[in-house]
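Please consider the following chain, whose sequence and structure are shown below.

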Amino acid sequence: MVDVQDLAKYPFLEEAQDYVRRESGTLDILLKSERGRSLSDAAVTRVLDALSRKNPQECRTYGRDAQEDLFSYVIARMLVSCLNDRLLIERLSQFEAQKAYLSFIEEEKAEKEEIARALGIDIGLNSLPVLTYVPLVSGLHEERWKLVNRSVKGGRVLLLRIEAEELIRERMREIIRERLPLSVPEEVCRQFLPYTEAIAAAVQQQALEEFGAVDESSFPPCISALIMAVTAGTNLPHVGRFALTAFLNNIGLSTTQIVEVFQRAPDFDLSMTMYQVEHISGRSGTEYTAPACATMRTHGLCVRRDAICEKVNHPLTYYKRKKKMRE
Ligand code: SF4
């Protein structure tokens with residue numbers, strides 16, 4: 001696969017990386033030119049499309065030609081790396097994997113097998129070694145992917161051809177995700193500041209649109225139970241404090257507002273609480289996402305399930321759903 005058009009379809013493959021490395025002089029000059037500005041604009045659009053979970057079917061290419069498309073992928077990754085925002089990194093990885101997968105499923109059988117091999121998966125065999133399969137499906141929550149629900153023969157997990165192809169998308173996402181964030185020199189990030197500021201503003205706006213004003217009556221039962229426990233003076237285990245803080249941070253409460261929740265505890269310690277909240281809410285670097293229902297269950301934090309719980313697998317989805325129903 002040598003055509004730049006093919007490379008642009010699978011920009012995370014080694015060959016595409018080699019192409020970018022070879023042309024990186026051009027990229028450097030490009031960034032400082034008029035065309036560089038339009039390339040950066042294309043990269044911003046790419047990131048914003050990923051952030052808003054736009055259907056990749058509607059945005060197959062960015063820029064005026066395949067080379068610009070490929071470079072806009074590179075710049076998009078640099079932009080999210082400068083911002084080092086976990087949500088953006090996850091969304092971009094998912095978006096790019098889905099986009100590449102759409103191209104993949106349109107390929108002929110031989111090309112599919114070649115691309116799959118480049119990703120370390122032999123789809124022609126309709127099976128995967130257990131050791132490859134298990135980490136690959138760790139992010140997939142459907143029951144059918146669980147090892148206990150699969151047939152295993154000779155140390156290999158048997159797969160239908162269509163399932164093997166689905167796993168290609170997951171492999172793509174994994175490859176794109178594991179290389180992020182890139183280490184982008186500070187000077188380059190400074191150069192990108194007008195673009196990263198625009199993206200950061202969109203992230204803020206998206207959080208507001210997604211969750212809106214805080215509505216405590218839409219909290220899922222597990223979160224309400226944690227708040228009641230804090231109020232009653234129960235000493236919450238670390239995982240409970242973590243789940244509560246991350247949830248409140250994810251729906252847009254400020255550090256002060258989260259501290260106010262913990263302030264209801266009789267043994268409230270301001271500086272310790274501030275430290276924990278700042279750490280979990282990412283004001284010190286990494287932002288954490290509230291645990292999913294499966295994790296909450298594992299730690300005994302999934303309590304007083306109600307009808308909405310039957311339809312969700314994340315407390316944040318519960319909150320969004322109930323809030324919408326109430327509105
Ligand atoms: S099912 Fe999920 S949202 Fe409902 S109580 Fe359990 S953890 Fe919370």
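In which loop is Arg-304 found? Arg-304 is found in the loop between helix H16 (293–298) and helix H17 (315–326). The model discussed here is a predicted one, and every value below should be read accordingly. The phi angle of Arg-304 is near 50°, a positive value in a residue other than glycine. Most residues other than glycine have a negative phi, and most peptide bonds are trans.

With a relative accessible area of 54%, Arg-53 is exposed.

Leu-180 and Pro-181 are joined by a cis peptide bond, with omega at about 0°. Pro-181 lies in the loop between helix H9 (161–178) and H10.

The torsion about the S-S bond is -90°, and the link of Cys-82 and Cys-189 is left-handed. This pair links distant parts of the chain: Cys-82 belongs to helix H5 (residues 66–83) and Cys-189 to helix H10 (residues 186–191), 107 residues apart. The two partners fall on opposite sides of a cut-off. Cys-189, at 18% relative accessibility, counts as buried because the value is under 20%, whereas Cys-82, at 22%, is partly exposed. Two further cysteines may be considered for their accessibility: Cys-293 is buried, with a relative accessible area of 13%, and Cys-309 counts as buried at 12%.

The packing of two helices comes next. Helix H12 (residues 221–231) and helix H13 (residues 238–250) pack at an angle of about 115°, and their axes are 10 Å apart. The crossing in which H12 passes H13 is left-handed. From H12, the residues Ile-223, Leu-226, Ile-227 and Val-230 meet Gly-240, Ala-243, Leu-244 and Phe-247 of H13. The residues of this contact divide into 7 nonpolar, 1 polar and no charged.

These elements belong to a larger plan. The chain has 17 helices and 3 strands. It is divided into domain 1 (4–104 + 181–206), domain 2 (109–175) and domain 3 (212–326). Between the C-alpha centres of domain 1 and domain 3 the distance is 33 Å. Along its principal axes, the C-alpha trace of the chain spans about 65 × 55 × 35 Å.

Ser-138 is found in the loop between helix H8 (130–136) and strand E2 (152–153), and at 57% relative accessibility it counts as exposed. The C-alpha atom of Ser-138 is separated by 25 Å from that of Ile-308, 170 residues apart along the chain. For the chain as a whole, residues 24 or more positions apart account for 72% of the contacts with a separation of 6 or more. Of its 327 residues, 45% count as buried.

How values were computed: Residues numbered from 1 in each chain as written. Predicted model: local features only at pLDDT ≥ 70, side-chain atom pairs only at ≥ 80, totals over all residues. Heavy atoms only, no water. Domains from an automatic or database assignment. Axes fitted to C-alpha atoms, helices over the stretch in contact; angles between N-to-C directions. Helix = DSSP H or I, 4+ residues; strand = E, 2+ residues; numbered from the N terminus. Left-handed = near helix turned anticlockwise from the far one by under 90°. Contact = heavy atoms within 4.5 Å. Nonpolar A, V, L, I, M, F, W, Y, C, P; charged D, E, K, R; others polar. Disulfide = S-S within 2.5 Å. Buried < 20%, exposed > 50% of the residue type's maximum accessible area, 1.4 Å probe, protein only.
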